[in-house]
Amino acid sequence: MEGLQEPLVDPGIPLPVDDPAVTEPHTAAVDLTRTNFGWLEITGKCQELCVDCLAESGPDGDHGTMQFGDWTHAIDDLAANGARDVQFIGGEPTLHPDLPGLIEHASLRGLGVEVYTNLVHVTREQWVTFSTYNVSLATSYFSADASVHRAITGRNTRNPIRRNIATAVQRGIDLRVGIISVRDDQDADGAVADLLTLGVPQDRIRIDGVRGVGRGREVGAETPVVDEFCGKCAVGKVAVLPDGRVQPCVFARQPEFTAGNVRQQPLHEILASESLLSIRGTLQAAFDQRALAAECNPSCPPMSNCFPNCNPTCSPWE
């Protein structure tokens with residue numbers, strides 16, 4: 001997965017304006033027990049080898065130990081515990097053979113679905129599934145210059161990505177695109193202009209910076225890892241990784257932020273556990289300190305205003 005990837009968080013489906021995740025400042029009392037959004041990281045395999053990938057995925061990755069039934073149980077528990085939306089991420093989720101079935105399952109459980117994809121390759125079945133279940137797509141785009149794109153992704157994939165962006169637009173599939181600033185020579189304005197020629201609406205394009213997580217740490221982040229988070233990891237979100245680990249956020253994937261494993265314990269028990277509550281409390285305390293220092297006051301809930309990543313300057317466009 002490139003860049004969420006919190007993110008690619010945003011989304012296709014905005015939260016209500018009265019949702020606490022949108023309206024409450026960091027220092028306000030927040031409900032650390034609720035979960036209204038889930039990232040389902042179904043694979044660590046990806047065609048590309050992006051220098052900023054938070055999941056450190058690539059061609060040598062695999063689908064992990066989670067099986068189809070494990071994922072559907074997790075989806076059931078999310079729906080039963082009040083979640084409204086899920087985002088399938090990776091690695092590259094379109095490489096997982098169960099993606100269409102998992103999208104169908106989540107949709108039939110009443111969840112809004114977004115797929116965070118690099119759009120290198122989409123099968124006919126997947127296009128049909130996206131349209132049938134009103135799936136939103138999110139992707140990262142790096143440069144209109146093919147050589148710069150290759151330098152960042154490690155692959156000559158710009159042309160198929162452009163074709164699939166155009167296909168999504170032509171099919172009427174909701175698509176948002178985050179331009180992740182990795183290099184000085186990317187020409188973000190040129191990338192925006194290129195996306196506009198493909199039919200992506202201006203208001204669905206955002207420019208974001210690299211977060212110092214995963215391989216993105218190597219790009220130049222020197223701050224403590226927690227300072228790289230957008231500031232909303234503690235509120236209303238949860239991530240399930242390919243091996244079943246449950247984290248408060250796809251960025252907060254370090255061992256100290258692991259709340260449990262759905263292959264050992266049902267997700268609904270983890271969501272109600274003291275472990276997850278304690279982790280969320282620790283993160284919230286750190287974010288409150290940041291807010292008190294007037295460093296930032298981001299409003300960066302998933303499926304709302306944040307794109308693939310929240311802006312490191314805490315000005316989510318995301």
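Predicted model: local features only at pLDDT ≥ 70, side-chain atom pairs only at ≥ 80, totals over all residues.
Nine strands make up an open sheet with mixed pairing, and their order is β6-β5-β4-β3-β2-β1-β7-β8-β9. Strands β6 (205-209) and β9 (260-261) lie at the edges, each pairing on one side only. In general, the strands of a sheet pair through backbone hydrogen bonds, in either a parallel or an antiparallel manner. Here, β4 (residues 136-141) and β5 (residues 175-181) run parallel and are joined by five bridges. Within this pair, Ser140 stands opposite Gly178 of β5.

**Helices on the sheet**

| Helix | Strands touched | Angle between directions |
|---|---|---|
| α3 (residues 99-108) | β2 (85-89) and β3 (112-116) | about 175° with β2 |
| α6 (residues 158-170) | β4 and β5 | about 150° with β4 |

**The contact of α3 with α4**

Two packed helices are described by the angle and the distance between their axes. The axes of α3 and helix α4 (residues 124-132) come within 10 Å of each other and cross at roughly 10°. Because angles under 35 degrees count as roughly parallel, α3 and α4 are roughly parallel to each other. From α3, the residues Leu99, Pro100 and Ile103 make the contact, and from α4, Glu125, Gln126, Thr129 and Phe130. Sorted by class, the contact comprises four nonpolar, two polar and one charged residues. Helix α3 therefore meets α4 in a roughly parallel arrangement, while α3 also packs on the sheet at β2 and β3.

Note on methods: Residues numbered from 1 in each chain as written. Heavy atoms only, no water. Pairing = 2+ DSSP bridges. Helix = DSSP H or I, 4+ residues; strand = E, 2+ residues; numbered from the N terminus. Contact = heavy atoms within 4.5 Å. Axes fitted to C-alpha atoms, helices over the stretch in contact; angles between N-to-C directions. Parallel < 35°, antiparallel > 145°, perpendicular 65-115°, else oblique. Nonpolar A, V, L, I, M, F, W, Y, C, P; charged D, E, K, R; others polar.
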